[in-house]
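Visitor: Hi! Could you walk me through this one, starting with the aromatic rings?
Guide: Happy to, let's have a look together.

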Amino acid sequence: DWDFAQKEIAKHKGFDTASAGMSKEQIIAQEQILELLPMVSEVNAISEELNKHRTFEVILISGAAMEGYGSKKGAKVVVKMKNLLNGNTWLWERGKFMNRRYMIQELYQRHLDGDEDVAKIPQEEDPFWEPPEDVLIGTANVFLQSLSYALDFDDKLAVTDYKGVEEGNLYVNITPCSDKGKPLDEDFFVEDPQELLGKPFHFKVTIKSAEVNKAKYSKGLHIKYKSYQDEDFTSTSVIKNTLSPEFKHSRIITYPAVNEDQLGYFEHGCITFMLYGVQEDSSNDSRLMKMTTRELRQMEQLQNPGLQRRGTVSTGDASEESKLRNELEVLRKKYERLEKKEKRIQDLCAEWKSKPVDEQQFESFWRHINAVANSSGNKLKTRVEILNTMLKGQKMMRAKQSSDGNGGNALQSHKMAQQAGGGAQNGSNGSINNSKACVIQ
């Protein structure tokens, strides 16, 4: 029957026609695809008959590719029109295509009626004509999990189109900073993201450069992106006559007091960078002008044999890979920061131990240890609380010795304090014994 035939055509074009397990939005998208496919075939046939040098294709684009990662809109069914003479492409939403199809049908009917003016129609009145517009080459996602720990992110990202095909690379840096844009040092690292709540937070988005694979995009390249709660896109300047543009774009984003929604954005969201290419209504290739639309469409299908059967929407593999790489990088940096903090505590302990007993200033030592702990997360804070207990016990023992007038030497008091500290060690589930933070002997 008709429905079965339409599903077979859709399957041949590369669309999944099985509805089992689909969401409501996916079922609606499938119905729109089945509706549009015969219409697109009709318009392609008219294009060949009138020799308009245009080809049409139904494609499915995710909401993230159209409006950025985290978009609440589902996948969108659109029609891509391509100029077979110069390679320019356009994406028409369903409503626009339906309107153009009606105009194309009228034009074709005039052709059938013998109207010779059809071949001389001005381009402004030609439903097959569209002024050139910037084309979305592909997108790259930067996940922001590193910001929830006040860590920076710097990496080369793959730019993929709506089919998941890699079109180039993008070099991006995102780093926590001051309100003036100065990067924060390691002392601002937090182990628990909840520590950011209620505090002002600034981070800097830097788009360094890009590399694009296809020469046809050298006419001009620029990037658009949105951050959380942005109403409008931020755009870089257009860089022309190169496939390796140096954007040198930066922007400081400020949250006066981080709330739960913004922290959730750091932990689970990302910024989608959209790479656009400038299209111009350039002169057509004289060799291609000698070929008919049918011949050009056949040639394109031969040049791209997997075009029809390849997926028409990105599977998200590139985004998932980017997310996993980001998580791995965050864990690596967290480990490095904690290791540095632990090393600093070890050095402080070694320095204190090497001093003569009469030069061991406990208050100064306590302040230094406390300062390191307060900038290094909960685990090191726990270790330092144990050290503080030991130091306070040592100080109390020395004070008691002085008030009792025992006249014992400082070394004996030092050993007694260590014994008191040993009780604190044993009462802390052995965390200080198992730690490399410091060893006081």
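Guide: A word on terms: rings of Phe, Tyr and Trp (its six-membered ring) pair if their centres lie within 6.5 Å. Keep in mind that this is a predicted model.

Visitor: Thanks! Which residues do ring pairs link into a cluster?
Guide: The cluster is made of Phe-201, Phe-203, Tyr-228, Tyr-255, Tyr-265 and Phe-266. The structure holds eleven aromatic pairs.

Visitor: Why is the pair of Phe-201 and Phe-203 called tilted?
Guide: Their planes stand at 45 degrees, so the pair is tilted, with the ring centres 6.4 Å apart. Stacked needs under 30 degrees and edge-to-face over 60. Phe-201 is buried at 5% relative accessibility, and Phe-203 is buried at 0%.

Visitor: And Tyr-228 with Tyr-265, how are those rings arranged?
Guide: That pair is stacked, because the planes are at 25 degrees; the centres lie 5.0 Å apart. Tyr-228 sits in the loop between β8 and β9, while Tyr-265 belongs to helix α5, 37 residues apart.

Visitor: New topic: what lies over the face of Phe-233?
Guide: Lys-224 does, at 5.0 Å from the ring centre, and Lys-226 does too, at 4.7 Å.

Visitor: Where is confidence lowest and where is it highest?
Guide: Helix α11 (residues 410-426) is lowest, with a mean pLDDT of 42, and strand β7 (residues 201-212) is highest, at 96. Over residues 407-441 pLDDT stays under 50. Where pLDDT is low, the predicted coordinates should not be read in detail.

How values were computed:
Residues are numbered from 1 along each chain as its sequence is written. This is a predicted model: local features need pLDDT of at least 70, side-chain atom pairs count only at pLDDT 80 or more; totals for chains, interfaces and linings use all residues. Side-chain values use heavy atoms; hydrogens and water are left out. pLDDT is the predictor's confidence in each residue, from 0 to 100. Helices (H or I, at least four residues) and strands (E, at least two) are DSSP runs, numbered from the N terminus. Contact means heavy atoms within 4.5 Å. Buried means under 20% relative accessible area, exposed over 50%, partly exposed in between (1.4 Å probe, protein chains only). A charge sits over a ring if NZ of Lys or CZ of Arg is within 6 Å of the ring centre and within 35 degrees of the ring normal.
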